[in-house]
Every structure is written in structure tokens, then in C-alpha cells.
Amino acid sequence: MAVIIAAAGRGERLGSEIPKQFLEVAGKPVLIHTLSIFENHPEISEIVVAVPEGWEERVEELCRKFAIHKVFRVVTGGASRQESVFKAFEALSPENKIVLVHDAARPLVPFRVISEVIQAIERFGAAICAVPIRDTVKEVSEDLKVIRTLPRERLYLAQTPQGSWWSWFAEAFSKALTSGGVYTDEASLLEAAGFTVQVVPGSFTNLKITYPEDLILMGELLKKSLDTNPKI
């Protein structure tokens, strides 16, 4: 069973010259915190990492330094997340029947969430983790006037990992290449190909680093996580 780590983004919104996945938090680069989780998860046997051009050797060095042994290949990402994930998908070993995709900038995904996504894929074919929206959501016009209030009972925030059977991903990527469709996550890619995606409960600590203040919060959470589980 394989996981693709989507680490090819430049993280412009963070305002850092260094891509956010390579920034050091709680003593290690964010990417290493993330890789360590899958390195220690018993159901994951192979990891492929998609990185920005020019960072390939750096990732290989970090894997050696921090004893990340499951990384099978490091590939150069593309112009979009979808293209980066597709390049990583093509690099996977053919024996992987289930493939997960996880954001490098989510270094606190619990083992429980990974396992439940895998179980849902085994049962339904495709799955993601997600959490219910807590706040009231407004749809607004271009000039920021409220159009309507959306009922939040059925609204969820998608997280990663997301995944499916290898064959479903292969078909979804093939259809996207034919149609020219570009999708922001793997669930929407699979949905566009006609597959139904199951949702399993995510975690409110499975945060994604996007803005500078996220680094501060993530640092505190990672320190606490390392104190209770030094493997991660």
C-alpha cells in the first residue's frame, strides 16, 4: 500500500522564500514530521514524494538523515497539484492496489484517520477524511454582499489523506487528461470520473500549514505530539 506525499507547492501565501514543507518546526522540517507518520504506520509500505524542481536531492538527504526508509522515489512536481500527484502516481510500484495522497503540510494526521481511510477504501473503493464545518457559512457576491446562508449540516472541510483503488485513480487521471479537467483535490478528480467517494471522520488537529500564524500553532501542537509519541 502506497502513499503519495504532495510536497511540490511553493507556499506563496506563507510569504517565505523557502517552501513551507521545508521550514523547520519543532526541531525538524515539516516534511519530515509528515513522512515520519507514514514511515511508522504499519499498513504503508511505499512512499513517493513530489517536490519542487531543484529540491529532489535535498529530500533524499533529509530522508537519510532522519531514517525515512519507505521513500521509494522522489519526483519533480508539475505546474499544478494534479500534475504533481499524477507524476508521483506514475512512479509507484505496480503491485500497489491502494493509493493514498497526503499533503506534506499536514504533519499531524493521526494514525486512526489513516487507518480508517484505508478501511473505507477497501470497502467502498475511494475515501477521504473530513470534518464538519463549525461556523456559519455565507455565499457572497463579487462586491461582498451576502447572497445566502448555506445550511452547514451537510458541509464538511476536506482533509487528507484521500485515496482509492489504484485502478480507480488510473481511470480518473486518464479521463482528466482526455477532458482537460483540472481539480483541486483527489476526491474531485475521482468524482469527475464518476466514482463515489466515502467520507470518514477527520481530525481537527489535522491542520494544514497555509499562513504564517499556522506555523506558530503547528509548532506548539507538534511539540505536544512529540512529547506523547516520540516516534512521530
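A salt bridge links the side chains of Glu 186 and Arg 81, at 2.9 Å from N to O. Glu 186 belongs to helix H6 (residues 186–192) and Arg 81 to helix H3, so the pair ties together parts 105 residues apart in sequence. Searching the whole structure turns up eight salt bridges, the term meaning a side-chain nitrogen of Lys or Arg within 4 Å of a carboxyl oxygen of Asp or Glu. Helices here (H or I, at least four residues) and strands (E, at least two) are DSSP runs, numbered from the N terminus.

The model is a predicted one, with local features needing pLDDT of at least 70 and side-chain atom pairs counted only at pLDDT 80 or more, while totals for chains, interfaces and linings use all residues. Residue numbers start from 1 along each chain as its sequence is written, and side-chain values use heavy atoms, leaving out hydrogens and water.

Back to H3. Helix H3 (residues 81–90) packs with helix H5 (residues 166–179) at about 135 degrees, the axes being 11 Å apart; axes are lines fitted to C-alpha atoms, for helices over the stretch in contact, and angles run from 0 to 180 degrees between N-to-C directions. That makes H3 oblique to H5, oblique being whatever is left once angles under 35 degrees (roughly parallel), over 145 (roughly antiparallel) and 65 to 115 (roughly perpendicular) are taken out. On the H3 side, Gln 82, Val 85, Phe 86 and Phe 89 make the contact, and they meet H5 residues including Trp 166, Phe 169 and Phe 173 (contact: heavy atoms within 4.5 Å). By class, the contact of H3 with H5 has nine nonpolar residues, one polar and no charged ones; Ala, Val, Leu, Ile, Met, Phe, Trp, Tyr, Cys and Pro count as nonpolar, Asp, Glu, Lys and Arg as charged, and the others, Gly among them, as polar.

Then there is the sheet. Seven strands make up an open, mixed sheet in the order E5-E4-E1-E6-E10-E7-E11, where strands pair if DSSP finds at least two bridges between them. E5 (71–76) and E11 (198–201) sit at the edges with a single partner strand each, so one side of each has no neighbour in the sheet. On average, neighbouring strands are turned by 25 degrees against each other, direction ignored. Within the sheet, E6 (residues 98–103) and E10 (residues 156–165) run antiparallel over four bridges, and Leu 100 has Gly 163 in E10 as its bridge partner.

E10 also holds Pro 161, which is joined to Thr 160 by a cis peptide bond with omega of about 15 degrees. Most peptide bonds are trans, and most residues other than glycine have a negative phi. Ala 26, in the loop between E2 (24–25) and E3 (28–29), has a positive phi near 55 degrees. Leu 144 likewise takes a positive phi, near 65 degrees, in the hairpin of E8 and E9, which has five residues between the strands.
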